[in-house]
Amino acid sequence: MNKYDVIIIGSGISGALTAAVLAKSGLKVLVLDAAQHPRFSIGEAMTPESGLLLRLLSQRFGIPEIEYLSSPDKIIQHVGSSACGLKLGFSFAWHQEGTPSSPEHLVAPSLDAPEAHLFRQDVDAFALLIALKYGAELRQNIRIEGIELGASAVQVKLPADQVVQASFIIDAAAQGAPLARQLGVRTTEGLETDTCSFFTHMLNVKSYEDALAPLSRSRSPIQLFQSTLHHIFEEGWLWVIPFNNHPQGTNLLCSVGFQFNHAKYRPTESPEVEFRKLLKKYPAIAEHFKDAVNAREWIYAPRINYRSTQCVGDRFCLLPQAAGFIDPLFSRGLITTFESILRLTPKVLQAARDDDWQRAHFIEVEQHCLNAVSTNDQLVSCSYEAFKDFHLWNVWHRVWLSGSNLCCVFLKGLLDELEQHGDGPRFDLALQAARFPGCVSLDSPTYEHLFAQSCQVVRQAKDQGWPAADTARALHDLLKEHEPQLLPFGYSKISNRFIVKAPVTPG
Ligand SMILES: Cc1cc2nc3c(=O)[nH]c(=O)nc-3n(C[C@H](O)[C@H](O)[C@H](O)COP(=O)(O)OP(=O)(O)OC[C@H]3O[C@@H](n4cnc5c(N)ncnc54)[C@H](O)[C@@H]3O)c2cc1C
């Protein structure tokens with residue numbers, strides 16, 4: 001029987017990067033995948049946090065190739081000109097049924113450094129090559145028939161009576177997650193967010209500037225064609241994530257996806273019919289798609305939200321997308337995934353040294369993952385409430401943004417320290433010492449207080465039917481009260497709809 005230190009199920013970006021780190025550090029690693037690269041995967045919008053976390057992973061484990069995935073210029077140089085689109089900011093354009101859309105109903109925080117829209121089939125294939133380069137073994141197109149978590153080893157049953165054995169198993173198979181399913185830990189109970197998703201890749205999608213409003217009318221400091229564009233409306237939101245939005249690019253595609261809040265609308269028709277109905281309701285959004293054609297079938301996920309009651313145990317760990325997911329609204333999936341890999345892998349290496357694989361050693365990884373899912377559930381469910389009114393959204397998005405900025409400052413501090421001292425264990429302790437693992441700011445008590453209070457206001461407003469203007473006022477008061485400790489400075493000036501995201505090194 002083949003014996004490994006670690007078996008990883010799933011060779012997507014999470015499984016591949018985890019395998020790369022563990023193999024580079026000397027463990028015998030096997031990656032199993034039901035499919036074969038290159039293959040489609042979702043989770044395309046990077047953020048300043050996810051970019052920083054990739055740089056931290058690269059630096060912490062001495063794997064330069066991981067850093068190649070951390071920014072658009074590096075991806076283009078090392079992976080290829082079709083592997084990513086350019087992201088200079090987030091943008092949110094608000095629409096209301098029966099009212100002409102206006103470029104005034106737009107907020108667009110720009111980034112202080114460019115991030116990428118990952119063309120996952122190329123990026124994931126590259127991530128897998130990193131794992132193989134550092135010694136991980138791979139079996140693709142393989143069906144897992146059963147997983148046995150024994151006292152002294154884990155056994156994975158494969159077709160034709162084959163069995164592979166390891167000391168530890170990591171489920172990185174996202175929604176598919178065979179171990180999470182076998183353990184019966186997955187549930188939707190207690191989640192506030194109840195949404196579905198439709199997504200695909202398209203050709204000939206018109207830019208915001210060509211379809212809705214040129215820069216002279218939107219007055220945005222960045223082209224929204226070079227942002228992760230969210231069209232928001234009462235019952236949900238639609239993303240436009242171009243890969244074909246920069247001069248060096250050779251990719252023709254644009255990612256398009258839309259989500260519905262089941263409390264407001266429950267789709268019953270085919271994805272194509274639902275898409276056409278949505279465009280009819282919001283004619284401004286339809287302008288993007290006048291000449292667009294699908295490059296692949298729509299994928300429909302009837303409910304995208306789930307969590308797990310347990311993420312780690314004796315000899316196993318579920319990576320975040322296997323353990324839980326809420327909604328892609330703020331692109332927090334990859335943040336949680338990369339941070340989880342940073343937290344988990346040193347513990348796996350220690351467990352291998354001690355040959356001690358008890359759950360107790362991985363509890364901190366579970367806490368991070370559970371917090372991340374619960375935080376995102378609150379953030380997203382409140383956001384769907386805020387979709388109903390532009391002014392309310394204009395105020396609410398600052399609650400998210402200021403926490404995200406503080407998180408970046410914290411991560412950049414860790415990166416500077418790691419680059420300066422090169423002391424991995426010291427970095428592990430510093431990350432572990434962050435006071436709010438999995439939460440938006442990671443380490444700011446002031447922000448987390450603001451976040452909790454803001455969510456409470458939105459919930460109360462919903463329960464008691466407050467007018468949107470009253471909710472916005474209450475949130476704005478909270479923002480002003482916390483302003484001196486938050487970033488970016490001056491974010492509570494609501495008339496500025498184009499906040500520049502704070503530089504990660506505070507001046
Ligand atoms: C609709 C949607 C949009 C999203 N958008 C964003 C975004 O913009 N930004 C962001 O940060 N995050 C986003 N996310 C989250 C993001 O998708 C994940 O964080 C990220 O893709 C996780 O990568 P992964 O490697 O864990 O999963 P995947 O890339 O899905 O890889 C899982 C792998 O497991 C394999 N597999 C599945 N089942 C089995 C099985 N039974 N046996 C063996 N192998 C198996 C699959 O073949 C696949 O290769 C989004 C998620 C969804 C659902």
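Predicted model: local features only at pLDDT ≥ 70, side-chain atom pairs only at ≥ 80, totals over all residues.
The ligand is considered first. There are 33 residues around it, and among these Ser-14, Asp-33, Ser-41, Arg-120 and Leu-334 come nearest. A polar side-chain atom of Gln-321 lies 3.3 Å from an oxygen atom of the ligand. On the backbone side, a polar atom of Gly-333 is 3.4 Å from a ligand oxygen. For Glu-44, a backbone N or O atom lies 3.5 Å from an oxygen atom of the ligand. On its own, the ligand has 990 Å² of accessible area, and the protein covers 89% of this.

The loop between β1 (2-9) and α1 (13-24) holds Ser-11. This residue is buried, because its relative accessibility is 0% and the limit for burial is 20%. The side chains of Ser-11 and His-37 are joined by a polar contact of 2.8 Å. Beyond its neighbours within four places in sequence, Ser-11 is in contact with Ala-16, Val-31, Leu-32, Asp-33, His-37, Arg-39, Leu-128 and Leu-138. Asp-33 also belongs to the residues that come nearest to the ligand. The bond runs from His-37 to Pro-38 and has omega near -5°. Pro-38 sits in the loop between β2 (29-32) and α2 (48-61).

Backbone geometry was examined further. Most residues other than glycine have a negative phi, and most peptide bonds are trans. Asn-141 is found in the loop between β6 (137-139) and β7 (146-149). Its relative accessibility is 48%, so Asn-141 counts as partly exposed. Ser-331 also has a positive phi, near 55°. Its place is in the loop between α11 (320-323) and α12 (333-354). Ser-331 counts as buried, at 10% relative accessibility.

Glu-274 lies in helix α9 (residues 271-281). It is buried, with a relative accessible area of 1%. Residues up to four places away in sequence aside, Glu-274 touches Phe-198, Phe-258, Phe-260, Tyr-265, Pro-267, Thr-268 and Glu-269.

Helix α14 comes next. α14 has 32 residues and reaches 47 Å from its first C-alpha to its last, close to the 46 Å expected at 1.5 Å a residue. Of these 32 residues, 25 are buried, so α14 is largely enclosed by the rest of the structure. At its start, a side-chain oxygen of Asp-389 reaches to within 3.1 Å of the backbone nitrogen of His-391. Just after α14, Gly-422 takes a positive phi of about 60°.

Helix α15 spans residues 424-432. At the start of α15, a side-chain oxygen of Asp-423 comes to within 3.1 Å of the backbone nitrogen of Arg-426. The buried residues of α15 are Gly-424, Phe-427, Asp-428 and Leu-431. Seen down the helix axis, they fall within an arc of 105°, so they line one face of α15. An α-helix has 3.6 residues a turn, so residues three or four places apart point the same way. The buried residues of α15 pack against α2, α12 and α14. Pro-425 and Leu-429 are exposed, on the face of α15 turned away from its buried side.

Helix α17 (residues 468-482) has 15 residues. At 1.5 Å a residue, α17 should span 21 Å, and its end C-alpha atoms are 21 Å apart, which agrees. Its buried residues include Ala-468, Thr-471, Ala-472, Leu-475, His-476, Leu-478, Leu-479 and His-482. These cover an arc of only 160° around the axis, which puts them on the same side of α17. The cover over this side includes α14 (390-421) and α16 (445-464).

Notes
Residues numbered from 1 in each chain as written. Heavy atoms only, no water. Helix = DSSP H or I, 4+ residues; strand = E, 2+ residues; numbered from the N terminus. Expected span 1.5 Å × (residues − 1). Buried < 20%, exposed > 50% of the residue type's maximum accessible area, 1.4 Å probe, protein only. Arc of directions from axis to C-beta. Contact = heavy atoms within 4.5 Å. Near = heavy atom within 4 Å. Polar contact = N/O pair within 3.5 Å; in protein donor to acceptor, adjacent residues only side chain to side chain. Areas by Shrake-Rupley, 256 points an atom, 1.4 Å probe, with all protein chains shown as cover.
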